[in-house]
Amino acid sequence: MYIDVQHINKTFGDFQASKDVTFQVEEGRQVTVSLWRSVRH
């Protein structure tokens, strides 16, 4: 068994942080996905 992630997009307002991300995670593997946003003052 595995996880299949397909066509992920992430935007922050007009900024596109990721576009069309696709990946698979095999059983027994660990994956961390992080997206950080800069905050303007």
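Phenylalanine 12 stands opposite phenylalanine 15 in strand 2. The model is predicted. The protein has 2 strands and 0 helices. Strand 1 and strand 2 form a hairpin, with 2 residues between them. Their pairing is antiparallel and runs over 8 bridges.

**Overall make-up**

- The protein has 41 residues, and 10% of them count as buried.
- Its accessible surface comes to about 4400 Å². Carbon and sulfur atoms account for 48% of that surface.
- Take the contacts between residues at least 6 apart in sequence: 18% of these join residues at least 24 apart.

**The hairpin**

- Strand 1 covers residues 2-12. Strand 2 covers residues 15-26.
- Which residue in the turn has a positive phi? Glycine 13 does, at about 65 degrees.
- Phenylalanine 12 faces phenylalanine 15 of strand 2. Aspartate 4 stands opposite glutamine 24, also a strand 2 residue.

- Most residues other than glycine have a negative phi.
- Histidine 7 has a positive phi, near 55 degrees, and is not a glycine. Histidine 7 lies in strand 1.
- Aspartate 20 also has a positive phi without being a glycine; its value is about 55 degrees. Aspartate 20 belongs to strand 2.
- Is aspartate 20 buried or partly exposed? At 44% relative accessibility, aspartate 20 counts as partly exposed, because that value falls between the 20% and 50% cut-offs.

**Serine 18**

- Serine 18 sits in strand 2.
- What is the relative accessibility of serine 18? The value is 14%, so serine 18 counts as buried, the cut-off being under 20%.
- Leaving aside residues up to four places away in sequence, serine 18 touches Ile8, Asn9 and Lys10.

**Threonine 11**

- Threonine 11 is part of strand 1.

**Valine 5**

- Valine 5 is a strand 1 residue.
- Valine 5 touches Val21, Thr22 and Phe23, with residues up to four places away in sequence left out of the count.
- How far apart in space are valine 5 and valine 21, C-alpha to C-alpha? The distance is 7.9 Å, while the two are 16 residues apart in sequence.

Note on methods. Residues numbered from 1 in each chain as written. Predicted model: local features only at pLDDT ≥ 70, side-chain atom pairs only at ≥ 80, totals over all residues. Heavy atoms only, no water. Helix = DSSP H or I, 4+ residues; strand = E, 2+ residues; numbered from the N terminus. Buried < 20%, exposed > 50% of the residue type's maximum accessible area, 1.4 Å probe, protein only. Contact = heavy atoms within 4.5 Å. Areas by Shrake-Rupley, 256 points an atom, 1.4 Å probe, with all protein chains shown as cover. Pairing = 2+ DSSP bridges.
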